[in-house]
Amino acid sequence: MPPEVPPEMPSADALRALRVNRARLWDSIMAMAEIGATAAGGSCRLALTDEDRAGRELFTQWCRESGCDIRVDQLGNIFARYPGRDTGRLPVGMGSHLDTQPHGGKFDGIFGVLAGLEVVRTLHENGIQTAAPLEIIDWTNEEGSRFAPAMLASGVYAGLFEADFALTRADADGRTVGGELQRIGYAGSEPCGAHPLGAFLEAHIEQGPILERHGEVVGVVTGAQGLRWYDITLCGRDSHTGSTPMPGRKDALVAAARLIQDAEHIAGDFAPHAVGTVGELQVRPNSRNTIPGEVRMSLDFRHPDQAALAEMDGQLAQRVDAVRRARGVEITVEEIWHNPPVHFDAKCVAGVQQAADQLGYPNRRMVSGAGHDACQVARKVPTAMIFVPCAGGISHNEAESAEPEHLEAGANTLLHAALNLAGEAGAGGRR
Ligand code: HGY
Ligand code: MN
Ligand code: MN
């Protein structure tokens with residue numbers, strides 16, 4: 001049960017002195033990491049698998065123990081509400097995602113969800129309720145590894161994707177988001193996007209080397225770069241590896257190899273900010289003595305500048321044409337996702353900046369290289385992010401690691417940014 005509303009809020013000094021519990025935050029992250037733990041020390045909880053369900057069950061149990069009520073929408077997004085003193089205010093959301101990459105780490109996404117929980121635990125044990133309610137949020141299928149595109153359910157929440165589009169996205173085995181939500185018991189009744197928020201804050205590991213390189217502890221994130229995702233199919237001709245002369249082959253894999261190198265060259269043409277990656281490759285029939293007749297591959301282009309991203313897209317089309325002609329294979333390119341660069345809300349960014357400064361953490365403003373649920377939510381709700389360093393900037397890797405004191409700093413910054421936004425002044429807009 002939430003604490004009895006205290007007759008009066010603690011003094012400003014008492015609020016300013018509040019700090020999260022480093023050990024409790026660390027222990028919760030380690031307990032979550034045991035679900036889907038991999039032999040190499042990472043986590044594998046692909047969206048809507050049994051492991052994801054187990055993570056959701058543990059998370060919601062912890063939230064209930066901390067005085068929260070739980071609501072789930074039709075895309076499985078979980079909203080754990082810690083009541084505020086003023087029911088007329090919109091909640092301030094704090095969250096991220098619990099799903100992981102196949103070779104995921106212990107912190108990507110999980111830190112942001114459990115830092116939100118740690119903020120509520122800290123308020124709850126001190127009997128404090130902010131003016132606006134707080135909501136800890138777990139967004140479904142942020143990673144986009146099992147179901148593309150990424151940031152899918154936060155995208156539906158923000159009105160960037162239709163619910164039906166998201167619910168019918170299928171994995172490599174043909175299982176759909178909608179079917180898997182039903183199977184794991186997280187197909188909520190609330191329409192996705194109907195749940196108003198006054199502001200949203202996401203704490204996350206940086207997944208890059210900048211904070212560590214400069215010895216800073218907190219990143220005050222002002223936005224994120226844009227991205228374009230493609231599905232590319234190359235169709236040549238299956239034929240015998242022994243009896244088919246080299247000239248005149250229609251080898252889809254050699255054509256794909258050309259295109260993979262072209263993608264790297266395009267990113268190089270837009271250095272230093274552009275990145276281009278082929279992460280998925282399926283070869284058919286994948287037999288050592290048959291020339292591959294078909295290849296399917298992904299392509300991930302990113303750049304902070306929208307015009308540059310458009311030029312990269314144009315260069316891709318030219319390179320595809322050249323390979324098509326040179327190799328005599330058919331190539332289809334489907335753009336499955338285009339997220340323009342996003343700029344976070346100035347007032348929320350200022351709330352994060354004020355918190356980091358008042359806590360005395362060395363910090364810097366930065367733009368995120370990775371995508372996050374905050375990038376989607378920001379299209380609908382005033383939003384900002386808080387970064388903390390991770391070792392070597394490594395992420396989407398089982399070796400991903402972060403220091404307890406850095407996670408504590410990020411969670412303290414989240415706590416005080418949330419107090420700045422949801423306290424007496426209460427950013428949560430009125431209903
Ligand atoms: O793709 C991304 O940037 C995120 O990790 N889903
Ligand atoms: Mn993430
Ligand atoms: Mn990720």
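I take the radius of gyration over C-alpha atoms, and the globule rule as 2.2 Å times the number of residues to the power 0.38. For 431 residues a compact globule would come out near 22 Å; the chain has 23 Å, which agrees.

I note that this is a predicted model, where local features need pLDDT of at least 70, side-chain atom pairs count only at pLDDT 80 or more, and totals for chains, interfaces and linings use all residues. Residues are numbered from 1 along each chain as its sequence is written, chains are lettered from A and ligands numbered from 1 in the order in which they are written, and side-chain values use heavy atoms, with hydrogens and water left out.

Overall fold. I looked up the box of the C-alpha atoms along the principal axes: roughly 85 × 45 × 40 Å. I find 55% of the 431 residues buried (under 20% relative accessible area, 1.4 Å probe, protein chains only).

Metal site. I looked up the protein donors of the manganese ion (ligand 2): His97 (NE2), Asp108 (OD) and His204 (NE2), 2.1 to 2.3 Å from the ion. Donors are N, O and S atoms within 2.8 Å of the metal (3.2 Å for Na, K and Ca); water is not among the atoms, so sites may look incomplete. His97 and Asp108 both lie in the loop between β3 (92–96) and α4 (110–125), so the pair ties together parts that are 11 residues apart in sequence. Helices (H or I, at least four residues) and strands (E, at least two) are DSSP runs, numbered from the N terminus. I find His97 and Asp108 both buried. Asp108 also coordinates the manganese ion (ligand 3), which is 3.5 Å from the manganese ion (ligand 2).

How values were computed. Buried means under 20% relative accessible area, exposed over 50%, partly exposed in between (1.4 Å probe, protein chains only).
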